[in-house]
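Okay, thanks everyone, I'll keep this short. Let me put the structure up and then walk you through the contacts.

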Amino acid sequence: MPTGRYTVLGDDGAPAGTEDFRCAPGPMGWRYFSDIQTDHHEIVDIAVDRDWRIARLRFDTGEHHILLEPRGGTLSGYRDRQEIEIPYGPEMHLDYFTPATNAIICRRLTETTEIEVVYLEPVTLEPTVVRQRYERHDPEPVTTTVGTFGATRWTFTALDSGWTADLWIAGDTVVKYDRLFSLAEYEAGASGVPPIA
């Protein structure tokens with residue numbers, strides 16, 4: 001079970017908090033759990049099926065809470081104890097301010113593509129539908145503060161704003177994400193990808 005800690009970076013690139021995580025294959029497919037501490041506390045709990053499609057998610061930001069699962073063309077569940085249904089097809093993805101959702105998206109993609117995404121706004125968890133582009137590059141070594149990994153580099157672009165950054169994924173873990181997250185601690189466990197140096 002890979003475990004570790006990300007440093008969450010602020011707009012100025014300075015540390016703004018931490019995200020402690022653990023993730024592992026499970027009976028359904030794969031599960032990720034993290035404890036985020038910035039200017040507030042958050043819980044992220046996501047499970048996906050064997051095809052890396054969302055099976056269930058629970059986010060708690062202190063002020064807001066959401067619990068969703070796919071059901072008949074929607075993501076259905078509760079936001080702040082009120083029933084919610086978000087249109088959601090089999091080719092759609094989900095994104096939130098955690099490296100986990102980027103890892104899940106990249107595991108589903110095989111090549112450069114534009115996708116439709118249900119994006120949950122930070123803290124408020126308000127859903128919006130946006131377009132994103134993921135550009136896949138050749139595997140390459142990437143150096144982090146915890147070692148060098150053999151990883152696949154992706155370039156992420158938010159098509160509504162033009163914001164873009166590179167991220168690197170080794171196995172099921174984002175090991176580097178320019179301008180957003182820095183891997184500060186990492187243990188590969190039995191199912192993770194260890195550093196190559």
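So, Y6 and F21: both of them are buried. Keep in mind that this is a predicted model. By the ring-pair rule there are twelve aromatic pairs in total. In the Y6 and F21 pair, the ring centres are 4.8 Å apart and the planes sit at 25°, which is under the 30 degree limit, so we call the pair stacked. Y6 belongs to strand β1 and F21 to strand β2, so this contact ties together parts 15 residues apart in sequence. The two of them are also members of one aromatic cluster, together with W30, Y32, W52, F97, Y177 and F181.

One more ring before we move on. K176 has its charged end over the ring of W168, 5.0 Å from the ring centre.

Okay, salt bridges. Searching the whole structure gives eleven of them. Take D45 and R31, whose side chains meet at 2.7 Å, N to O. D45 is in strand β4, residues 41–49, and R31 is in strand β3, residues 29–37, so that bridge ties together parts 14 residues apart in sequence. Now, is D45 buried or exposed? It's buried, at 3% relative accessible area, while R31 is partly exposed at 42%.

D45 also has a salt bridge with R58, with the closest N and O atoms 3.7 Å apart. R58 sits in strand β5, residues 54–60, which puts it 13 residues from D45. R58 is partly exposed too, with a relative accessible area of 26%. Zoom out a bit and you get a salt-bridge network linking R31, D45, R56 and R58.

Over on another pair of strands, R153 in β12 and E140 in β11 are 13 residues apart, and they form a salt bridge with 3.4 Å between the closest N and O atoms. E140 comes out as partly exposed, at 26%.

Nine of the ten residues of α1, residues 99–108, are buried, so the rest of the structure largely encloses it. The buried ones include P99, N102, C106 and R108.

Of its 33 lining residues, F97, Y119, P122, W163 and L180 are closest to the centre. F97, remember, is in that aromatic cluster. Which element gives the most to the lining? That's β11, with three residues. By class, the lining has 17 nonpolar, eight polar and eight charged residues.

Key
Residues are numbered from 1 along each chain as its sequence is written. This is a predicted model: local features need pLDDT of at least 70, side-chain atom pairs count only at pLDDT 80 or more; totals for chains, interfaces and linings use all residues. Side-chain values use heavy atoms; hydrogens and water are left out. On a 1 Å grid over the protein atoms alone, a cavity is a set of points where a 1.4 Å probe fits but cannot get out, and a pocket is an open set with protein on both sides within 12 Å along at least five of seven lines; lining residues have an atom within 4 Å of a point. Helices (H or I, at least four residues) and strands (E, at least two) are DSSP runs, numbered from the N terminus. Ala, Val, Leu, Ile, Met, Phe, Trp, Tyr, Cys and Pro count as nonpolar, Asp, Glu, Lys and Arg as charged, and the others, Gly among them, as polar. Buried means under 20% relative accessible area, exposed over 50%, partly exposed in between (1.4 Å probe, protein chains only). Rings of Phe, Tyr and Trp (its six-membered ring) pair if their centres lie within 6.5 Å; planes under 30 degrees apart count as stacked, over 60 as edge-to-face and the rest as tilted. A charge sits over a ring if NZ of Lys or CZ of Arg is within 6 Å of the ring centre and within 35 degrees of the ring normal. A salt bridge is a side-chain nitrogen of Lys or Arg within 4 Å of a carboxyl oxygen of Asp or Glu.
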